[in-house]
Amino acid sequence: MTEKTASVFRYLAYTVEIILVFVLCTTPRLLPELWGAKPCLLLCVAVTISIFEREIPSMIFGIVCGVLIDLGYSNAIGVFTVALTVLCFVIGYAANNLIRANFTNFIICSFLVTASVFMLYFLFEYVFKGYTDPWSYFTQNLISRMAQTFVCSVVFYFINRFFYRMISAEE
Amino acid sequence: MKEFLKSTKIKILLSVLLVLVMLSVFTQNVGNNFVSTVINGMTAGLSSVTAAATDDGKDGLSDQELLEEYKKLKKENADLRAQLVDYYAVKSENVRLWKFYELKKQHPDFTLVPAMALRRDTNDEFSAFSLDKGSSSGVKEGDPVVSETGLIGWVSECDLNTCKVVTVLSPGTRIGAEDTKSGDTGIVTGSSKYAYRNQTVFSKLTYSNQVEVGDIITTTGVSGIYPKGLPIGEVVDLGYDTYDSSYYAVIEPYENLKKITDAAIIIGFSGQGEILIGDSGE
């Protein structure tokens with residue numbers, strides 16, 4: 001199997017994964033709610049794909065996941081799309097040129113991406129819009145959501161690492 | 001690094017970013033935009049399938065919670081059903097009491113005890129029946145029993161909670177009565193000859209009586225056993241009794257005594273008098 005063919009199959013696998021995760025997130029009463037929030041699984045998928053793929057595919061999958069996240073709660077393209085586009089591109093470039101795509105680096109990247117994306121979301125959707133008492137939303141909901149998303153990204157790391165190792169060009 | 005920043009990939013990133021920012025501004029300011037329409041349209045089918053698949057009608061309740069809610073609703077239903085039965089009983093009693101309200105208005109001195117017919121005496125061919133009131137309600141033997149249309153009988157036996165009523169169709173009944181129109185007096189007593197037709201006999205009429213068909217016969221109240229002026233029935237026929245050479249009138253009570261369901265017992269009235277002797281007074 002050539003690299004190109006393997007890439008196509010991996011992208012197909014990622015696409016199916018994104019669809020399944022989207023279904024998982026949007027199905028009522030399927031995901032349990034812990035401490036008033038649910039994890040953002042599409043963000044986990046976008047970050048884990050980025051650690052294994054190159055910049056442009058990472059960016060594209062980041063765009064897709066971001067759009068699905070944004071349109072899940074509004075009819076507008078928002079923070080998640082723009083932030084994941086840039087961050088997934090950066091992680092894709094860094095994982096292929098600057099750092100090794102191992103678990104430790106992934107944890108650091110996942111933490112940074114999760115924190116920055118949710119902080120941007122908090123700023124643009126709560127602070128800049130002038131909502132009252134945004135701090136209580138941050139402590140009662142957002143921290144829990146960030147923590148759950150970070151924990152779930154570990155699971156997706158191993159899933160996508162499996163995809164990457166199974167569907168790779170023979171060396 | 002400089003080369004990377006000038007590379008095609010960065011240009012692609014910047015281009016895509018520019019487009020996304022423009023789309024973001026566009027979609028933020030235009031509510032029903034084509035972007036959301038397209039994306040939501042693509043995902044709507046998927047969402048409806050997953051929503052339908054998980055819609056078990058439980059509305060977020062667990063099986064245990066549903067079971068508890070079912071038991072609670074079942075108990076509430078049983079309570080409501082009991083209340084409904086009670087409501088109908090109260091309603092029918094109210095209807096029954098209203099029937100005797102007019103009688104009470106016409107005779108404010110009457111002390112009435114409304115009662116319901118419990119059963120009929122199968123050995124009695126004169127439509128005797130039992131009522132659900134007894135001595136505990138102040139009922140005693142000899143008390144007149146009335147319906148909203150008039151006198152229908154008297155209490156022959158009485159225990160604590162029930163009493164037996166002998167109707168005006170019975171030969172054991174003897175009531176002093178008068179024709180309201182002609183003033184002729186006589187005795188109302190039952191006869192097996194007429195009882196099956198729900199009729200009784202106004203007997204012991206004088207030769208010169210002026211009783212006519214259609215006349216209303218009422219109680220005289222002379223003996224103090226029955227109140228004065230209680231309607232007994234209407235004359236439907238006139239006859240002559242060759243046995244004792246007296247005239248009589250056949251009276252039909254206003255009530256079908258075979259179908260009495262409720263009545264009122266007059267336990268007290270102005271002029272109530274002598275002790276009942278034998279089967280009845282007079």
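## A walk through chains A and B

Let's start with a pair of helices in chain A: helix α5 (residues 103–127) and helix α6 (residues 134–166) pack at an angle of about 150°, with their axes 10 Å apart. That makes α5(A) roughly antiparallel to α6(A), where angles over 145 degrees count as roughly antiparallel, under 35 as roughly parallel, 65 to 115 as roughly perpendicular and the rest as oblique. The axes are lines fitted to C-alpha atoms, for helices over the stretch in contact, and the angles run from 0 to 180 degrees between N-to-C directions. On the α5(A) side, the contact includes Phe103(A), Phe106(A), Phe111(A), Phe118(A) and Phe122(A). On the α6(A) side, Tyr137(A), Phe138(A), Leu142(A), Met146(A) and Phe150(A) are among the residues that take part. Two residues are in contact here if their C-beta atoms, placed from the backbone, lie within 7 Å. α5(A) passes α6(A) in a right-handed crossing; a crossing is right-handed if the near helix is turned clockwise from the far one by less than a right angle, and left-handed if anticlockwise.

A word on the model before going on. It is a predicted one, in which local features need pLDDT of at least 70 and side-chain atom pairs count only at pLDDT 80 or more, while totals for chains, interfaces and linings use all residues. Residues are numbered from 1 along each chain as its sequence is written, and chains are lettered from A and ligands numbered from 1 in the order in which they are written.

Now for chain A as a whole. Its secondary structure comes to 6 helices and 0 strands. Helices (H or I, at least four residues) and strands (E, at least two) are DSSP runs, numbered from the N terminus. Of the 171 residues in chain A, 41% are buried, a term for residues with 20 or more other C-beta atoms within 10 Å of their own; 12 or fewer makes a residue exposed, anything in between makes it partly exposed, and the C-beta atoms are placed from the backbone. Among contacts in chain A with a separation of 6 or more, 73% are between residues 24 or more positions apart.

The axes of helix α1 (residues 3–26) of chain A and α2(A) come within 9 Å and cross at roughly 160°. That makes α1(A) roughly antiparallel to α2(A), and the crossing is again right-handed. From α1(A), residues including Tyr14(A), Ile18(A), Val21(A) and Phe22(A) meet Leu41(A), Leu42(A), Val45(A) and Ile49(A) in α2(A).

Helix α2(A) deserves a look of its own. At 1.5 Å a residue, its 12 residues (41–52) should span 16 Å, and its end C-alpha atoms are 17 Å apart, which agrees; the expected span is 1.5 Å times one less than the number of residues. The helix is mostly covered, with 12 of its 12 residues buried. Among them are Leu43(A), Cys44(A), Thr48(A), Ser50(A) and Phe52(A).

Chain B brings strands into the picture. It has 5 helices and 12 strands, and 29% of its 282 residues count as buried. Of its contacts between residues at least 6 apart in sequence, 58% join residues at least 24 apart.

Six of those strands form a barrel: 6 strands close in the order β6-β7-β8-β11-β10-β9, with antiparallel pairing. The twist averages 45° from one strand to the next. Two strands count as paired if DSSP finds at least two bridges between them. Strand β9 (residues 216–219) of chain B pairs with β10(B) in the antiparallel sense over 3 bridges, and the bridge partner of Ile217(B) in β10(B) is Gly233(B). On to the next pair: 7 bridges join strand β10 (residues 231–241) to strand β11 (residues 246–252), both of chain B and running antiparallel. Here Glu234(B) stands opposite Glu252(B), and Val235(B) stands opposite Ile251(B). The hairpin of β10(B) and β11(B) has 4 residues between the strands, and Ser245(B) takes a positive phi near 55° there.

Most residues other than glycine have a negative phi. Asn198(B), with phi near 60°, lies in the loop between α5 (192–195) and β8 (200–205) of chain B, and with 18 C-beta neighbours inside 10 Å it counts as partly exposed. Lys204(B) also has phi near 60°, but its place is in strand β8 of chain B, and its 20 C-beta neighbours inside 10 Å make it buried.
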